[in-house]
Amino acid sequence: MGQWQTKEQLTDLLCSLVEYPSITGSNAEIAVIEYLYYILEDRNYYQDHPEHLNLHPLDDGRQLLTALVKQGEAKDTIVLIAHADVVGVEDYGSWQNLAFYPKELTQELHKNPGVLPKDAAKDLLTGDWLFGRGIMDMKAGLTLHLSLLEKAMEGEFDGNLLLVAVPDEEVNSEGMLAALPALAEIKDKENLSYKTAINGEPMFSKYPGDPANYLYTGSIGKTLPGFFCYGKETHAGEPFAGLNANLMVSYIAQEMELNETFIEQVDGERTPPPISLMQRDLKHHYSVQTPQSAVAMYNVLYMKQTIEQLNEKLLLAAQRARAKIINHYHHQASFYLEGTQTSNFSPEIRILTYEQLYKEAVDRYGTREVERRQNRLITQRDEGDRDFSTSLVQNLASLCKDISPMIVLFYSPPFY
Ligand SMILES: [Zn+2]
């Protein structure tokens with residue numbers, strides 16, 4: 001008799017995984033991987049084959065797990081991929097303390113289904129759904145992988161199964177990146193042939209209310225292009241003497257957000273259009289001076305497009321934004337200036353790629369000085385990848401203040 005096969009067994013296993021509040025970067029993110037190791041090492045198969053169950057450390061102290069079930073000399077192997085981290089629970093509001101207790105949370109919600117969006121309330125009332133952080137994304141998928149692994153342990157498949165459970169999927173994908181060399185090593189050592197990989201991630205509705213169920217095949221690329229807007233600061237009492245970086249980034253948003261030219265269709269599958277994941281001005285403290293710089297970053301997914309093609313679309317978006325920003329300035333100035341008054345500031349905006357900005361900086365200060373400044377930023381670094389990328393651009397831009405206002409296109413990790 002299996003331990004991870006019936007609905008009750010799978011529900012209990014799922015809840016035991018969800019009870020680890022494994023938010024990316026937390027201690028529980030490490031603990032949940034240890035828990036997986038613990039529940040697998042007890043199984044007869046791993047008692048007999050302890051070498052097939054392994055924890056692999058990441059550089060930062062986190063770890064990923066691989067669990068192979070091998071059938072004799074079989075080579076053909078299916079890789080089961082899962083991540084064990086989850087996003088935060090701020091969006092649970094007053095239910096935060098129940099977010100990791102699905103049965104209790106679902107019971108509480110039954111007392112008050114009105115707090116849920118209509119569709120979710122309908123699901124709740126069917127009694128077929130469990131609510132809690134990380135159930136859908138993706139501990140339910142991990143639970144199903146474990147039940148497949150159990151079947152393999154009992155000899156129900158001809159080939160091999162290899163489960164890979166990683167941390168950090170929700171932030172930088174350090175877990176999956178660290179899994180690649182581990183997968184190559186296991187393949188060589190065990191003489192495996194990887195035939196396919198099954199990812200247990202949830203499916204997503206294409207639009208709110210979409211009734212379809214999807215199965216995704218193939219893979220998709222992801223980039224995170226950023227637009228660094230460097231304006232010209234001015235005092236709030238002289239609003240037409242400069243160009244507000246916040247105005248600039250707002251037009252970038254209108255040109256980029258959900259823009260249809262980025263949608264790509266290959267074999268009947270379409271990439272979702274870009275959406276901004278960060279947008280902010282870079283002023284640290286309130287003052288009556290306008291923010292000099294602002295940044296926005298966009299999730300851009302692609303299949304067959306090249307980076308050159310993406311760059312072209314991104315630069316076109318920046319060009320359209322530029323025309324609108326300048327038009328906005330002049331249009332608004334026309335209401336404010338009277339009679340023969342003319343402003344001797346007229347915004348012009350340069351559009352550059354990171355490479356072009358780097359070259360401009362080198363032209364002004366020389367390669368050695370630019371490298372010295374960047375190395376200094378690297379040694380003093382205390383920010384995440386996104387903010388650090390922005391700092392590199394900001395630092396270069398400050399060396400080329402004479403060509404501001406400008407919009408700089410750059411890329412931040414992650415990149416797949
Ligand atoms: Zn996920």
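## A tour from the sheet to the zinc site

Start by selecting the strands: five of them, in the order β1-β2-β4-β3-β5, form an open sheet of 5 strands with mixed pairing. Two strands pair if DSSP finds at least two bridges between them; strands (E, at least two residues) and helices (H or I, at least four) are DSSP runs numbered from the N terminus. The model is predicted: local features need pLDDT of at least 70 and side-chain atom pairs count only at pLDDT 80 or more, while totals for chains, interfaces and linings use all residues. Residues are numbered from 1 along each chain as its sequence is written, and side-chain values use heavy atoms, with hydrogens and water left out.

**β1 and β2.** Select β2 (residues 63-69), which runs antiparallel to β1 and is joined to it by 5 bridges. Asn54 stands opposite Thr66 in β2.

**Helices on the sheet.** Show helix α2 (residues 27-41), which packs on the sheet and touches β1, β2 and β4 (160-166). Contact means heavy atoms within 4.5 Å. The direction of α2 makes about 20 degrees with that of β2. Axes are lines fitted to C-alpha atoms, for helices over the stretch in contact, and angles run from 0 to 180 degrees between N-to-C directions. Next, helix α7 (residues 174-190) touches β1, β2, β3 (76-83), β4 and β5, and its direction makes about 155 degrees with that of β4.

**Helix α4.** Move to residues 102-111, where Pro102, Leu105, Thr106 and Leu109 are buried (under 20% relative accessible area; exposed is over 50%, partly exposed in between, with a 1.4 Å probe and protein chains only). The buried residues of α4 pack against α1 (7-18), α5 (118-126) and α6. Gln107 and Lys111 are exposed on the face turned away from the buried side.

**Zinc site.** Finish at the zinc ion, whose protein donors are His83 (NE2), Asp137 (OD), Glu201 (OE) and Glu201 (OE), at 1.8 to 2.4 Å. Donors are N, O and S atoms within 2.8 Å of the metal (3.2 Å for Na, K and Ca); water is not among the atoms, so sites may look incomplete. Asp137 lies in helix α6 (residues 135-153) and Glu201 in the loop between β5 (193-199) and β6 (221-230), so the pair ties together parts 64 residues apart in sequence. Glu201 is partly exposed, with a relative accessible area of 25%.
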